[in-house]
Amino acid sequence: MTNKAASKKASGVKSVRLSRIIRDRWMYFMLIPGVLYYLLFRYGPMVGLVSAFQNYQPFLGFFRSPFVGMKHFDRFFHDPQFWMLLRNTLIFGFMNLFLYFPIPIIVSLLLNEIRSMRYKNAVQSLIYIPHLVSWVVVYSITYTLFTTEGGVINNILAELGMPTIAPLVTISALRPMILFQIVWKETGYGTIIFLAAIAGVDPTLYEAAKVDGAGRWQQMVHITWPAIRSTVVTMLILRTGYFLDTGFEQLLLMINATNRTVGETFDTYIYEMGIKGGQFSYTAAVGFFKSIIALILVLTTNFVAKRAGEDGLF
């Protein structure tokens, strides 16, 4: 009787699951494009990681290219440029995580305090528009403003009798310019998720807080911030996975012979050595190294978040 009861229960569970799948079949159908995207463009290319342990030859393919073990990793770690690349990548990563990441959160909190919906929507649209601009256009605007050959800023300084500046070829100016470009271009886009989280806050909480005499600042600290804290933690964990991704297109356009020592990162190095130099196996090893570090950062951040009482990703 026990086996029959267990079998009957299992069949009942399967029938319930099948009925739910049939009921939500169109929802599952909508998942197909996303699943195909990740299979083709995220998981599929992972097969190429085997080339990091080979002397990959395109005409031999992944299965016939000679195996060289950890040769490319050893070469990378002993490369004279390794510490320069690591330092620059970490600096840009810290800039993105600790200087840029809080800005969309702060802007979202400030936008939520605007009571005029017309003005709020106008401001949100204006700060979102730069996200639609490509990095090539951003660089073109920067070049037009700061070039020493007829740049707008230098023309104004010359008219005022002041000395001209050359930030595009100044080592100390590269990183602040990179940060300013990221803030200008991506802040508006970064507020979307946080504003959506704020929109889910029950308005009666604010009304009750007003009755209790809470001011705007107290409402923000005790109602709005706790409501979006879990979203902030989740986005922070995801952000650490891209810690070593420093913005390839932006840096490739901004670095030159004079500022390369403070602007060259793993991403631009992979482009120079792999795409332009044809060293596919070597740059695959560099990319593999980046992926391992990203995985460790995500797991560590998720662990710390859960120990701190947050939900985490998993």
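This report describes a helix contact, one threonine and the aromatic pairs of a predicted model.

## Basis

In this predicted model, local features need pLDDT of at least 70 and side-chain atom pairs count only at pLDDT 80 or more, while totals for chains, interfaces and linings use all residues. Residues are numbered from 1 along each chain as its sequence is written, and side-chain values use heavy atoms, with hydrogens and water left out.

## Aromatic pairs

Across the whole structure there are 25 aromatic pairs, a pair being rings of Phe, Tyr and Trp (its six-membered ring) with centres within 6.5 Å, where planes under 30 degrees apart count as stacked, over 60 as edge-to-face and the rest as tilted. One of them joins F76 and F82 edge-to-face, at 5.0 Å centre to centre and 90° between the planes. Both residues are buried (under 20% relative accessible area, with exposed over 50% and partly exposed in between, for a 1.4 Å probe and protein chains only), F76 at 1% and F82 at 6%.

The pair of Y128 and Y189 is tilted, because the ring centres lie 6.2 Å apart with the planes at 35°. This pair links helix α7 (residues 117-128), which holds Y128, to helix α10 (residues 171-199), which holds Y189, 61 residues apart; helices here are DSSP runs of H or I with at least four residues, numbered from the N terminus. Y128 is partly exposed at 27%, and Y189 is partly exposed at 41%.

## Threonine 301

T301 is found in helix α16 (residues 280-307) and counts as buried at 19% relative accessibility. Its side chain reaches the backbone oxygen of L297 at 2.7 Å.

Conventions: Helix = DSSP H or I, 4+ residues; strand = E, 2+ residues; numbered from the N terminus. Polar contact = N/O pair within 3.5 Å; in protein donor to acceptor, adjacent residues only side chain to side chain.
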